[in-house]
Amino acid sequence: MSDTTLIRGGTVVTADRQWRADVLIAGQKVAAVAESLQAPVGARVIEAGGAFVMPGGIDPHTHMELPFMGTVSKDDFFTGTAAAAAGGTTMIIDFVIPGPEQSLLEALDIWNGRAAKAAADYSFHMAITGWSDRTHTEMAEVTRRGINSFKHFMAYKGAIMVDDSVLVKSFIRVRDLGGICLVHAENGELVAHFQNEIFARGITGPEGHPLSRPAEVEGEASNRALRIAEVIGVPLYVVHTSCSDALDPIARARGEGQCAFGEALIQHLIISEEVYRNEDWDQAAHYVMSPPFRPREHQAALWHGIQSGAIQVIGTDHCVFDTAQKRAGRGDFRKIPNGTGGIEDRMSVLWHHGVGSGRITPSEFVALTSSNAARIYNCYPRKGTIAVGSDADIVVWDPAATRIISARTHHQNGDFNVFEGMTVTGNAAVTLSRGAVLWQDGKLHATAGWGKYVPRPAFADFTQSLAVRNKLAQPTAVKRA
Ligand code: URP
Ligand code: ZN
Ligand code: ZN
């Protein structure tokens with residue numbers, strides 16, 4: 001078989017338009033996008049009549065094989081990226097999280113080793129979990145190695161949480177390196193306080209988890225991080241925004257011209273807090289993640305955030321723990337490993353509830369699942385679009401295909417699926433990663449090691465525009481005689 005593929009008869013959808021076109025792939029790149037292309041001799045032909053041909057999804061928030069809360073998340077870079085491909089996602093950005101006493105570069109070496117088995121392309125964010133001169137120095141080398149995004153956990157006290165002093169130092173450093181800051185926005189001091197108070201009251205089950213992390217706690221941290229980023233003059237991306245309390249400050253910041261971005265998780269758009277009141281402990285514990293699932297009115301706010309542009313990206317925070325791992329917190333909800341999965345179902349759940357219900361258009365779907373992440377994290381147009389010269393990361397999307405989501409049939413490495421039993425219409429028919437078919441006719445063709453690292457350089461344009469936008473970062477002295 002030659003390394004040429006023609007995707008014929010479909011409707012190409014990018015973030016800005018949709019039109020009838022064939023897509024020719026030569027090697028690993030898109031070679032032509034036009035009506036009625038001829039298949040070169042020996043080319044593989046994928047018939048896409050009735051289907052949408054879209055950029056493969058980018059999930060910019062995953063935790064594969066993450067050591068966390070005394071255990072390790074179940075999906076590794078192979079199983080996680082293979083499951084991603086089954087759902088139409090062709091690239092992930094995973095978080096390098098240095099352990100205690102580990103430097104940034106030591107942790108990056110470990111993540112490089114883990115990711116070598118990826119079946120689809122990957123990139124990394126770097127977490128700043130403490131501060132020293134070495135951290136400051138290594139951030140420059142991390143940036144040179146293609147990581148322009150630095151994450152800060154404002155919660156998980158006593159583990160990976162950082163305080164305002166670290167936020168300020170790190171945000172300044174990221175600004176000077178031309179990068180972007182990310183925050184897990186929850187006030188970790190308040191969470192720790194409420195966790196202990198609720199536990200002391202005798203609430204020990206999973207229902208204690210959301211009680212200890214009310215929306216106000218997320219709103220405070222989101223607003224604080226945004227204000228710190230504003231005065232320092234660095235772009236800020238707020239991950240897994242789950243409630244209006246955290247969303248409103250993002251919308252305000254954007255409205256005032258700040259370079260700020262919001263991410264929501266597909267799980268938070270669909271699932272609400274009653275899951276924690278399930279009388280079956282295991283069933284309730286499966287949903288323990290942070291921020292927790294919220295009362296329904298927050299879902300409506302998140303959808304409005306998507307429609308108004310305050311939310312640009314839908315991710316998953318894919319971090320799977322199975323039932324046995326969750327049981328570490330029997331008798332003490334504070335010890336239930338935090339995390340849920342979603343990488344395989346993100347695209348179809350968003351299509352079904354977003355495009356299928358008329359809330360968003362197919363182009364907005366592409367922007368939310370792929371193009372915006374590629375732009376924000378600086379790998380566009382190599383990723384995130386279908387254009388001549390782009391990587392041939394493509395999903396042929398069947399808008400009429402229906403399936404029922406279940407742990408019995410999913411490819412994620414966990415015994416539970418937070419969308420269990422949900423019927424979705426709109427699914428990946430074929431997924432190609434740099435021209436290679438990873439998923440077709442309901443079968444995975446994933447190969448460990450096919451996935452390649454995607455370096456993402458620092459961006460000059462953000463920092464330049466911020467220097468103009470941000471009055472406070474440009475102080476001037478009063479000239480006196
Ligand atoms: O509960 C979650 N979200 N677990 C993964 C780590 C994080 O906070 O992103
Ligand atoms: Zn988080
Ligand atoms: Zn996360």
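Which residues in α8 meet which residues in α11? In this predicted model, local features need pLDDT of at least 70 and side-chain atom pairs count only at pLDDT 80 or more, while totals for chains, interfaces and linings use all residues. Residues are numbered from 1 along each chain as its sequence is written, chains are lettered from A and ligands numbered from 1 in the order in which they are written, and side-chain values use heavy atoms, with hydrogens and water left out.

On the α8 side, S244, D245 and L247 make the contact (heavy atoms within 4.5 Å), and their partners in α11 are H298, A301, L302 and G305. By class, these residues come out as three nonpolar, three polar and one charged (Ala, Val, Leu, Ile, Met, Phe, Trp, Tyr, Cys and Pro count as nonpolar, Asp, Glu, Lys and Arg as charged, and the others, Gly among them, as polar). The axes of α8 (residues 244-255) and α11 (residues 297-308) come within 9 Å and cross at roughly 25°. That makes α8 roughly parallel to α11 (angles under 35 degrees).

Then there's helix α4 (residues 164-177), which packs against helix α7 (residues 215-232) at about 45°, with the axes 10 Å apart. The contact takes in D164, L167, V168, F171, I172 and R175 of α4, together with R224, A225, I228, A229 and I232 of α7.

As for ligand 1, the residues around it (a heavy atom within 4 Å) include H61, H63, F153 and Y156. A polar side-chain atom of D317 sits 2.5 Å from a nitrogen atom of ligand 1, and a polar backbone atom of N338 is 3.0 Å from a nitrogen atom of ligand 1.

How values were computed. Axes fitted to C-alpha atoms, helices over the stretch in contact; angles between N-to-C directions. Helix = DSSP H or I, 4+ residues; strand = E, 2+ residues; numbered from the N terminus. Parallel < 35°, antiparallel > 145°, perpendicular 65-115°, else oblique. Polar contact = N/O pair within 3.5 Å; in protein donor to acceptor, adjacent residues only side chain to side chain.
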